[in-house]
Amino acid sequence: GDILDDYLRTDGVWILTRNKQSYRTNNEKECAEKCEAESNFNCRAFLFTRKKLQCLTLAENAKMSVMFASMDAVLYEKRIYLLECKRGVGKDYRGTEAKTWRGIPCQKWAEKIPHKPNYTPQKHPNAGLEENYCRNPDGDENGPWCYTTDPATRYDYCNIPECEDQITHTGEVECMQCNGEDYHGEVSRTESGLQCQHWDAQEPHMHGFTMKHYPEKDLKMNYCRNPDGEPRPWCFTTSPTKRWEYCKIPRCTTRPPVSDPGSQCLSGKGEDYRGRIAITESGNACQHWNTQFPHKHGWIPDRYPCKGLEENYCRNPDGEKRPWCYTINRSVRWEYCTIPSCDGREQEIAGMNNVPIQVPLAEECYRGKGQSYRGTTSITASGKKCQAWNSMFPHRHEKTPDKFPDADLRDNYCRNPDGDNSPWCFTTDPNTLWEYCNLKRCDDHSQE
């Protein structure tokens, strides 16, 4: 994997540290290599400035030092030094716990009082024997330990939680489908081992994600959740220096049960809309979700496998008011789409005394001048989207359903209320008042 995968990245911050070394590098990867090779001290993190291409390797990280904003800087902290949990017997534990499970402070590894240690930083330079932090230099099966400051107790074990926190009380391994928006498990630690803050608490971090504001998001206890459409579940942490972090919850190996293929019309906010409309309400064509041009974005289909981000179809992956898309217009980043509403006609028909009703198929061609056309085409001959007849934006007009009650001026469907040559509509392009529609004349010899 990438060398940077071993680091946690935070943009726009700087940390005050006494012990550091400065290098000139071309990118973050080269700076990480300097950190790995650092011989002057134990490198826990590095800072990289994009403008000056300056690389600072640091002996401390944000858990140990003061952090403040700095626009141009990026902080990369070694994940191993942020973990406050142990993997296996904890031989690679590098956290800052410094007392035994009974609460007795640990003796510094470099000191000889009250106990003369067998394990010292000189004898074991790669075992992380710094300060008086709990460590496991000998691979003890009971986990990290330390020499104690109690003359009567030479050493004792430390209470370090397991990182594998994904086991439920029923003994089953927890996993998540998709992006974990339906995850209701009990993991309550972040991927670096920090304890999660309770959702109903406002300390150490104030926030708006409460049961009251998000009653359907199951914000119970301090369990990891995904109430806002992030790539995976997260939580606010109990560390004052780390506002929030993702949780490490594995993806389920079994696929979710196949539900319906999604709605072809708008119900609610349209989060389940899976139709093929790919044009915005002002007539801009949609940008493909798997491209980054003309607009760069984070809604990458591979990252969000259950959001239906296919082709350039309008979608609502983030709980917006209704489906939307990025546009191919450089000056318009994104816009809402106009999706026909699921107005429940099917249910009404089904409930009318169970009388079978034959709904005629709408014609997509017109006869004569098209005054009798009642189809659902809403695109002009040049590909522009039609403006709704009851709308006055972007064009004010007199052709309203009230004034032409027999012309069936529904939604934004092409019609011919005034006896023109063929069906037409006002367009959603502010520069084009109206156009004829993209319709053919029916073959007069066809059988009705």
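The entries below go from the overall picture to single residues.

**Entry 1: the whole chain**

I noted before anything else that this is a predicted model. I counted up the elements and found two helices and 15 strands in the protein. The protein has 448 residues, and 43% of them count as buried. I then looked up the accessible surface, which comes to about 25600 Å². Carbon and sulfur atoms hold 50% of that surface. For contacts, I took pairs of residues at least 6 apart in sequence, and 60% of these contacts join residues at least 24 apart.

**Entry 2: helix α1**

Which residues of α1 are buried? The helix covers residues 28-37, and I found Glu-28, Cys-31, Ala-32 and Cys-35 buried there. These residues sit on the same side of α1, because they cover an arc of only 105° around the axis.

Asn-27 caps the N-terminal end of α1. A side-chain oxygen of Asn-27 lies 3.2 Å from the backbone nitrogen of Lys-29.

Where is Val-66? It lies in the loop between β4 (54-58) and β5 (67-78). Val-66 has a relative accessible area of 54%, so it counts as exposed, the cut-off being over 50%.

Is Arg-415 buried or exposed? I found it buried, with a relative accessible area of 0%. Arg-415 belongs to the loop between β12 (365-366) and β13 (424-426).

What does its side chain meet? A polar atom of the Arg-415 side chain lies 2.9 Å from the backbone oxygen of Gly-375. The side chain of Arg-415 also makes a polar contact with the side chain of Asp-408, at 2.9 Å. I left aside neighbours within four places in sequence and listed other residues in contact with Arg-415, among them Tyr-373, Trp-389, Leu-409, Pro-423 and Trp-424.

**Entry 3: cis peptide bonds**

Ile-113 and Pro-114 are joined by a cis peptide bond, with omega about 0°. Pro-114 lies in the loop between β5 and β6 (145-147). The bond from Phe-293 to Pro-294 is cis too, with omega near 0°. I placed Pro-294 in the loop between β9 (244-246) and β10 (324-326).

**Entry 4: positive phi**

Last, I checked backbone angles. Cys-178 is not a glycine, yet its phi is positive, about 55°. Asp-218, also not a glycine, has a positive phi of about 55°. Cys-178 is in the loop between β7 (155-157) and β8 (234-236), and Asp-218 is found in the loop between β7 and β8.

How do the two count for burial? The cut-off for buried is under 20%. Asp-218 has a relative accessible area of 17%, so it is buried. Cys-178 is at 21%, so it counts as partly exposed.

Definitions and conventions. Residues are numbered from 1 along each chain as its sequence is written. This is a predicted model: local features need pLDDT of at least 70, side-chain atom pairs count only at pLDDT 80 or more; totals for chains, interfaces and linings use all residues. Side-chain values use heavy atoms; hydrogens and water are left out. Helices (H or I, at least four residues) and strands (E, at least two) are DSSP runs, numbered from the N terminus. Buried means under 20% relative accessible area, exposed over 50%, partly exposed in between (1.4 Å probe, protein chains only). The arc is that of the directions from the helix axis to the C-beta atoms. A polar contact is a pair of N or O atoms within 3.5 Å; within protein, one must be able to donate a hydrogen and the other to accept it, and residues adjacent in sequence count only if both atoms are side-chain atoms. Contact means heavy atoms within 4.5 Å. Accessible areas come from the Shrake-Rupley method with a 1.4 Å probe; for residues, only the protein chains shown count as cover.
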